Amino acid sequence: MSFRDLFIKPEANDQPSNRSSKQNEKDEKKVKKEEKKEEEQKDAPKDIVSYSSEVGTEVSLDIQKKIWQTLVDRNIPGPDMMELITYSASLETMGLQKDQRYIAAFNMLKAQYPNFDKTTLVNSVDTYIGFVNEELASGRRQFREKYKRDVEDKRVEIQSLEGNNKSILEQIEELKKKSEAINEKIKQITAEVEVSEKEIAHNEQVFINTAKAVIEKLETDKNVMSNLNI
């Protein structure tokens, strides 16, 4: 069993709905959650029912049940803590205290396995604690991997994007300056074009008028010359 299945859930996007429907779904989920919690507490061994630690930190019944299942799956051969707890659970209906149930369960196992003793029992607890510590170490490694992937790597990506964005903004400012310079040049050239256009048109017309005046004078002189008695 991997702690990834215990802690690291796939992301899901909630679908939008109207407010009244959403409220109804919320109420239904709350009822189902309470019912599920009651069922889990009925099925779970009494010794691993959800609890709060001394410092008031949050714990999960679901995770505890899965960790317990890991211990069940890794049950070492022979009588030990696991068998004692199982036998003890069968005595709960008798109204005995936990230590009394443990004593009764121990005696039942001792009757079946004469070599079973308190040392074997206590040592088996340490073995199962070792199993849980292995799961704990594995889970913490997976959380570190997830933290690196979902937090640290994304923070690096954010920094890179911020750097790229800053560079783009600087380029935009530089391009704005270039654009403003080009616009000023366009205005300057446009003004020069307007002046040149008027000047050329005026000078062209003066040239045409002058040439026509010369031609007119020459035509006049031509007529005079044509009437001369020479």
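Student: How exposed is K146 in this model, and how should I read the value?

Tutor: The model is predicted. K146 has a relative accessible area of 22%, so K146 is partly exposed.

Student: Which residue forms a salt bridge with K146?

Tutor: A salt bridge needs a side-chain nitrogen of Lys or Arg within 4 Å of a carboxyl oxygen of Asp or Glu. Here the partner of K146 is D150, with the closest N and O atoms 2.7 Å apart. Both residues lie in helix α6, four residues apart, about one turn of the helix. D150 is partly exposed, because its relative accessibility is 25%.

Student: What other salt bridge does D150 make?

Tutor: The side chain of D150 also meets that of R149, at 3.5 Å from N to O. R149 has 39% relative accessibility and so counts as partly exposed. Salt bridges with shared partners join K146, R149 and D150 into one network.

Student: How many salt bridges does the structure hold?

Tutor: It holds nine. One of the nine is between K66 and D62, at 3.4 Å from N to O. K66 and D62 are four residues apart in helix α3 (residues 61-73), so about one helical turn separates them. K66 is partly exposed at 27% relative accessible area, and D62 is partly exposed at 29%.

Student: What does the side chain of R144 contact?

Tutor: The side chain of R144 makes a polar contact of 3.4 Å with the side chain of E152. R144 is in helix α6. R144 counts as partly exposed because its relative accessibility is 48%.

Student: How many aromatic pairs are there, and how do I read their geometry?

Tutor: There are two. The angle between ring planes sets the label: under 30 degrees is stacked, over 60 is edge-to-face, and the rest are tilted. F106 and F116 form a tilted pair, with 5.1 Å between centres and 40 degrees between planes. This pair links distant parts of the chain: F106 is in helix α5 (residues 98-112) and F116 is in the loop between α5 and α6, ten residues apart. Both F106 and F116 are buried.

Student: Which residues make an edge-to-face pair?

Tutor: Y128 and F131 do, at 5.6 Å centre to centre and 85 degrees between the planes. They are three residues apart in helix α6, so they are separated by about one helical turn. Y128 is buried, with a relative accessible area of 2%. F131 counts as buried because its relative accessibility is 11%.

Student: Which residue lies over the face of F131?

Tutor: R74 does, at 3.9 Å from the ring centre.

Student: Where is a nonpolar surface patch, and which residues make it?

Tutor: V224, M225, L228 and I230 make a nonpolar surface patch of about 480 Å². I230 is found in the segment after α6 (118-226). At 90% relative accessibility, I230 is over the 50% cut-off and therefore counts as exposed.

How values were computed:
Residues are numbered from 1 along each chain as its sequence is written. This is a predicted model: local features need pLDDT of at least 70, side-chain atom pairs count only at pLDDT 80 or more; totals for chains, interfaces and linings use all residues. Side-chain values use heavy atoms; hydrogens and water are left out. Patches are made of residues with over 30% relative accessible area and no salt bridge: like charges are joined within 9 Å, nonpolar side chains (Val, Leu, Ile, Met, Phe, Trp, Tyr) within 5 Å. Accessible areas come from the Shrake-Rupley method with a 1.4 Å probe; for residues, only the protein chains shown count as cover. Helices (H or I, at least four residues) and strands (E, at least two) are DSSP runs, numbered from the N terminus. Buried means under 20% relative accessible area, exposed over 50%, partly exposed in between (1.4 Å probe, protein chains only). Rings of Phe, Tyr and Trp (its six-membered ring) pair if their centres lie within 6.5 Å; planes under 30 degrees apart count as stacked, over 60 as edge-to-face and the rest as tilted. A charge sits over a ring if NZ of Lys or CZ of Arg is within 6 Å of the ring centre and within 35 degrees of the ring normal. A polar contact is a pair of N or O atoms within 3.5 Å; within protein, one must be able to donate a hydrogen and the other to accept it, and residues adjacent in sequence count only if both atoms are side-chain atoms.
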